[in-house]
Structures are given as structure tokens and as C-alpha cells.
Amino acid sequence: MPVSIPADSVGLVEPQVAHFQQPLKLLSGRSLPEFTLVYETYGELNAARSNAILICHALSGHHHAAGYHSIEDKKPGWWDSAIGPGKPIDTNRFFVVSLNNLGGCHGSSGPTSIDPASGHHYGPDFPMVTVHDWVNSQALLADHLNISQWAAVVGGSLGGMQALQWSIAYPERLRYALVIASAPRLSAQNIAFNEVARQAIMSDEEFHQGRYQKHNTLPRRGLKLARMIGHITYLSDDSMREKFGRELRSGKLKFGYEVDFEVESYLRYQGQTFSEAFDANSYLLMTKALDYFDPAREQGDDLAAALKPALCKFLLISFTTDWRFAPERSREIVTALLEARKDVSYLEVDAPQGHDAFLMPIPRYMEALAAYLSRVANEVSTDAQ
Amino acid sequence: MRSDFECIQRWIKPNSRVLDLGCGDGTLLEYLSQTRSVQGYGLEINPHNIAQCVERGVNVVEQDLDKGLNNFSDRSFDTVVMTQALQAVHYPDLILDEMLRVGRECIVTFPNFGHWRCRAYLGWRGRMPVSKFMPYTWYNTPNIHFCTFKDFEALCFQKNLHILDRLVVDQTHQGHWLSKLSPNLFGEIAIYHLTR
């Protein structure tokens, strides 16, 4: 529990629910007859409705990006370091919207929700959703909130891919795209890690082809393994060394397969916590959405051609020790944007934390976000007058 | 406004595309976008400078010029500018080639090591010149490739580059009759406008 809610926090927040009766056609060819999105908002929408920022979440994120749900909350939302009054995504100036994507397990329609057709949990029958589909559903949420154009769409990692897709799919509906620690598509190595994670889940004997809820069980061990693998890739060698080194848990070697090293204990703990809170089918689906994202594919692998329709200005940020989505991957996007003659700025922030750096309040990173978004805020407020 | 920017601005066509190598705090690009409506990008490695570009709303890409301009395609810019950075790059000759591959024209400014004060400093004191304008000592200077106007023009001749315009100015970027008479001796800063 926070002793008291900090002054630069958005404070106590409550998720909201939007239900959409119209069918959503999905990239796979299937469609969802109706669906629900859970979202949170922080700050006030101005009279011209021009100061809205959409925050897109990464793999295991959701709608709770900032603030606290209750005074008992141990931790604030996942991007509380960047969102709040006076913070880079300044809720005194912006109206911030953050949602749980389709296929997630935190209230939006997904494998754990009830299929209205059958009255049972969707489970593995929930259709495969992609970054395309997410962005389409987010556009419907924008309609629902009566926001015709976002001041900015912002996301890190998988969230950055959504920001990129927004710029291509709805060029007129955003002024700025902020793409952080992201990539234009996964590398074979990235896909390989995802596949190992999926295999860990699917080979858990409690998985039951995804129908674990029917069997009244959960593939916890598989999900735990999947998260442990993921977690390794989110940190850098340096940050692991600094955090754990080769510290021994009990001070001596045990000559067995129990936990010897601190890093083992940490990974097991992280994996365990995650496996209690996240749905296995959602994890499978989200990793596939990552694998499938590749806007250049339809343009003969020409990313510049794919980005041609974009009208917004771009800011890209990468982190030096991020090996999951290394700076070179962000540079690929920058190069394509230059080729496509778009306005783009790019920063490579020196940070030891690896991929996870995009969630941390690293001064250079936060200052750049603040400076960039301050200009955006000025622009949308001038227009509003 | 730095008066060399005033000179450069005259050589930039309205609404053209400009790439500024080592763009510093983005002053030139901001100026060019205001006076010439250019679509400009700056390349820079200094985080403080990059932050200032972001504050100004200038497009800035973090990039080390010594690693080349491979991410830019041939003739993708009208003009490639490099002010006061030629002497600080590892391969000034290669960057010049790259500038004229990426852009149709280029504008380069650099300090003249053949200026009489430099000659006098080196000649009389026998030590590397240190001045208010070039305040570094030999071991901590970012400037690793000093040249004189004659050297630069010899390089242009060797590379078969066409000099469209040349201005020779003093530290305050004013032309002076002495520097017109004998640029290599009296000119402090060169501003070259080149094409291939």
C-alpha cells in the first residue's frame, strides 16, 4: 500500500467498460459478433476534443497504466513513471486513454470471457487477433469516446507496433506516433523465443488443448516457464549481473536442483506470480500477434512503401542494452520513415536495463518524452482556441 | 543568428529537402524551416544537442557520422549541410563522398588552419594553436582533421567536385578585403557550396 498517494500520481482510478454490438471483422477472416473493451482514462478531454493520447500496451499489459485502483494497491499502473500530473505524459494537459486489448485477460473480450453464442468461456476458441485487429477495435473505442483524432498514439514494444499500425491504417486519426523499444517485425530469434514459450504452455499436461477451465485446472507450470524465458529476454546481461550476480540464496552450494542462485529464485518467483495472474490462452494469442505483425509484408517487404500513407510525425526511442528489440530494429523503422519522407526523430538512450528500460524513469528518456509531448500539447491547445 | 547560417540560407531552395550532419542544437534547421520551408533532418550524437532539437521541434536522428550514411538512399536530399564538423570526423574525404551521394549539392563549413594566427602560433611558439575559437588542446580536441583552404580545394580537385560558391569569412562570419585578397592566409572560416 502506498503510504499516501504521491502528488504526481493520477490517484485513484476506475476501469470503464465499452460494449460494442457491431461485429468486428478480423484479419484471420473470422469475426467477433460483439465485444467488450475495458479501459481507463486520466486527465480531462478539452472542448475541441483534441488533447487525447492513446496508450497501447505491450505483451502482458492492460488498461491499468497509471494510478491506483485502491489505497491497498501495492503498485500503481504499469506506466505510472510516465503518466500523471507534471509527468512526461502530463495529465494536466492531456486526456489519456489506456485499454486492455482484445484477447487479453483483464476484462476485454478474450479467451477467459464468455462466448455469447455458447454461453461458455471462449478458451481456445477465441479467434486469433492481430495488431491490425487491435488497432481497428481501438478506432471503435475512439468513436465511442467521440475522439476523431488522437493528439498522439504511444506505445512501447508490442505497443509501439500498434502505434505504427495506427499511422498506416488511420493516417488522419493521429497527429503523432511515439514508437518506443519496438521493431517493424520480429526477427527469427524473437519468434523462436515466443515459440519456446508457447511450447512450454502447450506441453503442460494441465493445458488440455486450451480447455483447462473446463477441466477446472490451469497450466501454471507451462505459463511459469514461458514467463521465465520471456523475463530473461527483457533484461540485459549487465542488469542481471548487477541485480543478482552469482549470489547464493543460502550462502552455500546445495549440489542439487533446488534454488542455489538468487537469479533462479527471482525467475521462479516472477514466473509463479505471473502464472497466477495471466491466462495461458491469452499469452499464446498475444505472442502470436507479435509474430504476425509485419506491415511491410503486403508491400513486398518494403517498409517505406508500407509507411507511405502515414501523415503523423514520429518519435522513436530505443535503449542501448535492449537485445530483444535492439536499437538496430528501431533504426530500420527510422530508415524507412526517412525513405518515405516522413517527419521523424530518433533517440538511442544509453540505459543498462535492457528491453524493460522502456518502463523505467530514465532521465534522458523521460526528458525527451516530456519535451516532445510538451510541443504536442502546445499545438493541440493552440488549435483548440 | 549565426551569420554563416545567413550565408547558407541563400543557397537553399525553398521547400527543398535538407540533411544537416552534426546539426548541433538544431538552430540552422529551425531557421531554414522558417525562412525556406524546408523539410529538414539533423544527425547528431550529443545527447544534450539532441534534447535541444527535440525541444525546438526539429527532426533529429541520433547517428554517428563516422559510421557513414548507409541508411540514406542516393539523391534523397537536395542539399546536405555540414557546419563545423568536417574537422571532427574520422574520414572527411569519405563523408564528402557520402554527402554528394545522398544529396545533389552540399554545403560545408570548416575553420582554416592556414590562417595567419595559426601559422604564427605554430611558427613562433612551436605549439598547437589554442584560441578562443578553437579552445581545445591537442589531446582532448574533437577536431582531428584540420586542413587549410588550399588542402580542401586540392581534395575537391582530386575528387572532381565542382565548387558552386565559396565564401571566406572571419570568426564573426564577415567577409573582409584581406580575406578576399589572400583567403588561405586571412580567412578564418570557409563556407563551400559543392556539387559533383
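D97(B) forms a salt bridge with K159(B), the closest N and O atoms being 2.8 Å apart. A salt bridge here is a side-chain nitrogen of Lys or Arg within 4 Å of a carboxyl oxygen of Asp or Glu. The pair links distant parts of the chain, 62 residues apart: D97(B) sits in helix 4 (residues 92–102) of chain B, and K159(B) in the loop between helix 6 (149–158) and strand 6 (162–169) of chain B. Helices (H or I, at least four residues) and strands (E, at least two) are DSSP runs, numbered from the N terminus.

This is a predicted model, in which local features need pLDDT of at least 70, side-chain atom pairs count only at pLDDT 80 or more, and totals for chains, interfaces and linings use all residues. Residues are numbered from 1 along each chain as its sequence is written, chains are lettered from A and ligands numbered from 1 in the order in which they are written, and side-chain values use heavy atoms, with hydrogens and water left out.

- D97(B) is partly exposed, at 25% relative accessibility. K159(B) is buried, with a relative accessible area of 18%. Buried means under 20% relative accessible area, exposed over 50%, and partly exposed in between (1.4 Å probe, protein chains only).
- R196(B) also forms a salt bridge with D97(B), with the closest N and O atoms 3.3 Å apart. R196(B) lies in the segment after strand 7 (189–195) of chain B and D97(B) in helix 4, so this pair ties together parts that are 99 residues apart in sequence.
- R196(B) has a relative accessible area of 47% and is partly exposed.
- D25(B) forms a salt bridge with R56(B), the closest N and O atoms being 3.5 Å apart. D25(B) lies in the loop between strand 1 (17–21) and helix 2 (27–36) of chain B and R56(B) in helix 3 (residues 47–56) of chain B, so the pair ties together parts that are 31 residues apart in sequence.
- D25(B) counts as partly exposed at 24% relative accessibility. R56(B) counts as partly exposed, at 24%.

**Salt bridges elsewhere**

- Over all chains, the count comes to 25 salt bridges.
- In chain A, a network of salt bridges links R185(A), D294(A) and D301(A).

**The interface between chains A and B**

- 18 residues of chain A are in contact (heavy atoms within 4.5 Å) with 19 residues of chain B.
- The buried area is about 1600 Å², of which carbon and sulfur atoms give 46%. Buried area is the accessible area (1.4 Å probe) that two parts lose on being put together, summed over both.
- In chain A, L338(A), R341(A) and R375(A) lose the most area to chain B, together 33% of what that side buries.
- The count between the two chains is one salt bridge. E62(B) forms a salt bridge with R364(A), with the closest N and O atoms 2.8 Å apart.
- Helix 9, strand 12 (344–349) and helix 10 (363–384) of chain A each supply at least two residues of the side that touches chain B.

**Helix 3 of chain A**

- Helix 3 (residues 188–202) has 15 residues. From first C-alpha to last, helix 3 reaches 20 Å, close to the 21 Å expected at 1.5 Å a residue. The expected span is 1.5 Å times one less than the number of residues.
- N190(A), N194(A), A197(A), R198(A), A200(A) and I201(A) are buried in helix 3. Seen down the helix axis, the buried residues fall within an arc of 155 degrees, so they line one face of the helix. The arc is that of the directions from the helix axis to the C-beta atoms.
- These buried residues pack against helix 4 (220–234), helix 7 (280–292) and helix 9 (327–339) of chain A.

**Two buried residues of chain A**

- K87(A) lies in the loop between strand 6 (83–84) and strand 7 (89–90). K87(A) is buried, with a relative accessible area of 11%.
- Leaving aside neighbours within four places in sequence, K87(A) is in contact with D8(A), D80(A), S81(A) and A82(A).
- L178(A) is found in strand 10 (residues 174–180). At 0% relative accessibility, L178(A) counts as buried.
- Beyond neighbours within four places in sequence, the contacts of L178(A) include V153(A), L315(A), L369(A) and Y372(A).
- L178(A) and L99(A) are 79 residues apart in sequence and 17 Å apart in space, C-alpha to C-alpha.
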